Each structure stands twice: as C-alpha cells, then as structure tokens.
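Hello,

Here is the structure I promised to pass on to you.

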Amino acid sequence: MSDELPPTLIPRIAPMFRLQWEEAQNCHVLLYPEGMVKLGGSAGEILKRIDGKKSISTLIDELKAQFPGVPLEADVHKFLETAYGNGWLRSESK
Amino acid sequence: MAMVGSVPNQSKPLWLLAELTYRCPLQCPYCSNPLDIAKYKEELDTEGWLRVLREARKMGAAQLGFSGGEPLVRQDLEILIAEGRKLGYYTNLITSGVGMDEARIAAFKEAGLDHIQISFQASNEELNNYLGGSDSFQHKYDMARLVKKYEYPMVLNIVIHRQNIDQIEDIIKMTIDLQADYVELASTQYYGWSKLNEAQLLPTREQLARAERIAHEYQERMKGRMRILYVVPDYYETRPKACMNGWGSIFLTISPDGSALPCHAARQLPGMTFPNVRTHSVDWIWNQSPTFNFYRGDNWMQEPCRSCPEKTKDFGGCRCQAYMLTGDATNADPVCDKSAYHAELVAQVDAMTMKPLSSRDTKPLVFRNMRNSKELASA
C-alpha cells in the first residue's frame, strides 16, 4: 500500500463486511463471517458515509461540514489507512 | 449458586448458534455433536425457531449461525434465513455442502444469506469420502465453485488430524484453487466423537510442527488475499483457550430439541439441567437460569485459577475439558501447565501418539451415525 491515499480514491465497504448500527451496543459494528468489529463514534461516522460513490476528498468535505472547526483530516486519513489495511474497504484501483 | 441474581448480568448473547438438526448425511468420526445424538428426535419446528431468532435478536444477538448436523436437511432453512436477515443478523450457513444445489444457493441469496462455510474432510477424493462416510468430494467442490459464482463470502473449514495433516499443503492449495476468502485449518479438539477416536486422530508432535510451518508459510504468501487460520490441538498447548470467551459471556447454542447450551459440547457436563426454549424465554435462559450463571464470572474457580493473573484472559479454559480429564469441571483446564493434571495429560498424549496408527491395540474409527450412537448408549 502507498503511504498516502489519493484524495480521488473512491472507497466502498468490502463485500465480506456489513456495516450496521447495533442498538443493543449503542454503536456501529462491522459484521463479517463469524465475527464482529465494534466501532468507535468517529469510525462509525466515517464508515456510514462510504457508499462506493464518494471520493475521499468529498468524504472529508462532508465531515468538515458536519463537524465545523474540528481538525479531522489527518485522523480520517489515518483511519482509512487502517480500514484498507484490515480489508474493510476496497477500491477499484486498490 | 450463591451468585445467581445477586449481580445483574451485563453480558449479551452476541453469537447465536442454531443447531437445527442432528441429522447428517456425513459420518465424520470427529464430529463435535454429542455421542447421544440418537436420543434427540424431537426437533424444534419452524415457529419455535422463529421465536428464538426474534427473542435473541432483541437481546443483542448479531451473529447467527445455522449449523447441525447438516442444516440443509431442514426444508424450512430458507424461511429461517430470510427472517434472520430481516431481523438484522449476519447470517452464516455452516454446511457440508451435501444437500445443496444451485437452486438452493440462489434461494438463500434471495433470502439474504450473508456467508457460507463449507467443510471438506481432505483434499483428495478417497480420504475425503472415507472420513465423511459418503461419496461427497466432487459435489462439495462443485458447490464451493457455485458459492463463489453467487458472490458469497466463502469460508472453507477443514478439520485437521493425524490422518490428513501430512497433506496440509495440498489442502491449502485446494482452498486457493476454490478462491476461499477465509480458511480454517481447525485441529480436532477432543470432545464427543473425537474423544472416542482420539488415538486415531491426535497428530504426533512431528506432524504438528511440520504442518504449522507450512500453514505459516502460506499465511505469509496469501496475505491480503486469503486469510488462513490455523488452530493447534489444545492437548499440545501450555495455556488453555478462552473457551467460548467465558461461560455465558457471548455465546448461546440452541440444540435441535430446543435445549440451550453455553457451548455446543456442554451436554456432557454432569449434574446440569439445560433449559429449553420450549418452556422458557431466551431472556430468562440467558440471564436467570442457574445453568447459564453456573460458571459465569470467576466465583466458581479453584486454585490455580482463582489467584491466577491470567484468569481474566482465558477464564480457566474449557469446563468440558476440565471435567473429562480431571473428573471435576471446576478444576483448571489441564491444558494449562499450572494444572496439577498437566503432566498426566502430556504423558497420555505421548503414549497415544507413539503407537503407529496400524497398531493392533489401536481401536478402529467409530463413525458418527445414529446406529453407533444407539449402540454406544446401550453399551
């Protein structure tokens, strides 16, 4: 994997995974064969916006609009790298 | 039980395993079902299962496994999958592939099934069919191809033991050829049928070391493309597994007759009454029943577990293993080298694995089927 994810990259949730809100756990989770990842609040906010159409830069713009004044760009990049690394996200070019 | 009701239970049955039936077209001699499968003929009906799915989901269950026996035997499987998916479960079908065809794979997709796990007994037709007691290899192969064609995530599970462990490289190559997303090379653990057949199944130390090396090689090589999980037999470990992540912690099995078990092997524990979903709600079973509270937490522990700093990590290991190997389910799992029974276990393992498979005093394999189950019960 390259060090920097290009801003034009369009992520989508990998077919192995399903993102959903779990009322009983009060958080978003990623479900996959026989397993589950519990997601923190910001991870949930990022992943729920990923629809296979938006690029990373659009995603960051959206988050900035939602949380004005919060310096979130570096954290989002870091999380996306982790998410790609864990195979949660795919892109056609990746 | 001193603790029952005194502390509110915080745990949730996140993992619901629905063992729909003990009927199975295969006869694998390491089956994890209990020996007395022939005793349980009254299966829960469709309505009964639907109620279990709804109640457990309300309590927070997120993963739903359809297993057995062979779950495909149930003709209402499509209905159960559809309801499970509608309720928001991640639905897993755990199958031998026998009883599957393209029409059913398509119907499951339509119903919303999330994932299919197919088991193979070996990577060659002869051994696969011998171990399964059925002519199933080619069919499994065809079904695995179709599962990928229909774009399911696919897990392949191969139970590893003395009679197929030397072919581990071929087994892995087969799973690569079938484009599995995830491969479980699960060493036989010794409960029920496999305990009965342990002398034929437990690999030698040398076999294990070689297999482990090969598995790790492929784990590296396939990184990012296919995940390979390799599980060592407990009997060769020095620390126990965190069995079921702790009793009554996340795992709930409902067996074919509606009995609720904290783990699918728990039926063998003595003096336990397993509550049944026919007479109790899932909520009562999980939170209130004496059985699910029995080994919850660590109040039941004896030394060396009680004062052990690792007790929060492995919960003292497996209650069934403790019972089978020491006669007391509240003992530490003897897999742990802090257990006073560990040396005895090591000696047993060595004695068993030093004998050649063809030795005259090694009992022949007992296959898992209803006839043998009945014979064992009357013996």
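This is a predicted model: local features need pLDDT of at least 70, side-chain atom pairs count only at pLDDT 80 or more; totals for chains, interfaces and linings use all residues.

Chain A has an open sheet of 3 strands in the order 2-3-4, and the pairing is antiparallel. At its edges are strand 2 (18-22) and strand 4 (35-38), each of which pairs on one side only. Neighbouring strands here are turned by 30° against each other on average, if direction is ignored. A handy place to begin is Y32(A), whose bridge partner in strand 4 of chain A is G35(A).

**The sheet in chain B**

Chain B also has an open sheet, this one of 9 strands with mixed pairing, in the order 7-6-5-4-3-2-1-8-9. Strand 7 (227-231) and strand 9 (260-261) of chain B form the edges, each pairing on one side only. Within this chain, strand 5 (residues 154-160) and strand 6 (residues 182-187) pair in the parallel sense over 6 bridges. To find your way there, look for V155(B), which stands opposite Y182(B) in strand 6 of chain B.

**Helices of chain B**

Helix 9 of chain B lies across strand 6 and strand 7 of chain B, and runs at about 160° to strand 7. Helix 9 (residues 205-221) also meets helix 6 (residues 168-177) of chain B: their axes come within 9 Å and cross at roughly 25°. Angles under 35 degrees count as roughly parallel, so helix 6 and helix 9 of chain B are roughly parallel to each other. The crossing of these two helices is right-handed. On the helix 6 side of chain B, the contact is made by I168(B), E169(B), I172(B), K173(B) and I176(B), and on the helix 9 side by A211(B), I214(B), A215(B) and Y218(B).

**Salt bridges**

Over all chains, the structure holds 32 salt bridges.

- The side chains of R57(B) and E22(A) form a salt bridge, at 2.7 Å from N to O. This pair crosses between chains, from helix 1 (residues 46-58) of chain B to strand 2 of chain A. R57(B) is buried, with a relative accessible area of 16%, and E22(A) is buried too, at 1%.
- E43(B) forms a salt bridge with R23(B), and their closest N and O atoms are 3.0 Å apart. Both residues sit in the loop between strand 1 (15-19) and helix 1 of chain B, 20 residues apart. R23(B) is partly exposed, with a relative accessible area of 39%.
- E102(B) and K149(B) meet through their side chains in a salt bridge of 3.0 Å, N to O. The pair links helix 3 (residues 102-111) of chain B with helix 5 (residues 137-149) of chain B, the two residues being 47 residues apart. E102(B) is partly exposed, with a relative accessible area of 32%, while K149(B) is exposed at 55%.

Back in chain A, there is also a network of salt bridges that links E45(A), K48(A), R49(A), D51(A), K54(A) and E62(A).

Technical notes: Residues are numbered from 1 along each chain as its sequence is written. Chains are lettered from A and ligands numbered from 1 in the order in which they are written. Side-chain values use heavy atoms; hydrogens and water are left out. Two strands pair if DSSP finds at least two bridges between them. Helices (H or I, at least four residues) and strands (E, at least two) are DSSP runs, numbered from the N terminus. Axes are lines fitted to C-alpha atoms, for helices over the stretch in contact, and angles run from 0 to 180 degrees between N-to-C directions. A salt bridge is a side-chain nitrogen of Lys or Arg within 4 Å of a carboxyl oxygen of Asp or Glu. Buried means under 20% relative accessible area, exposed over 50%, partly exposed in between (1.4 Å probe, protein chains only). Angles under 35 degrees count as roughly parallel, over 145 as roughly antiparallel, 65 to 115 as roughly perpendicular and the rest as oblique. A crossing is left-handed if the near helix is turned anticlockwise from the far one by less than a right angle, and right-handed if clockwise. Contact means heavy atoms within 4.5 Å.
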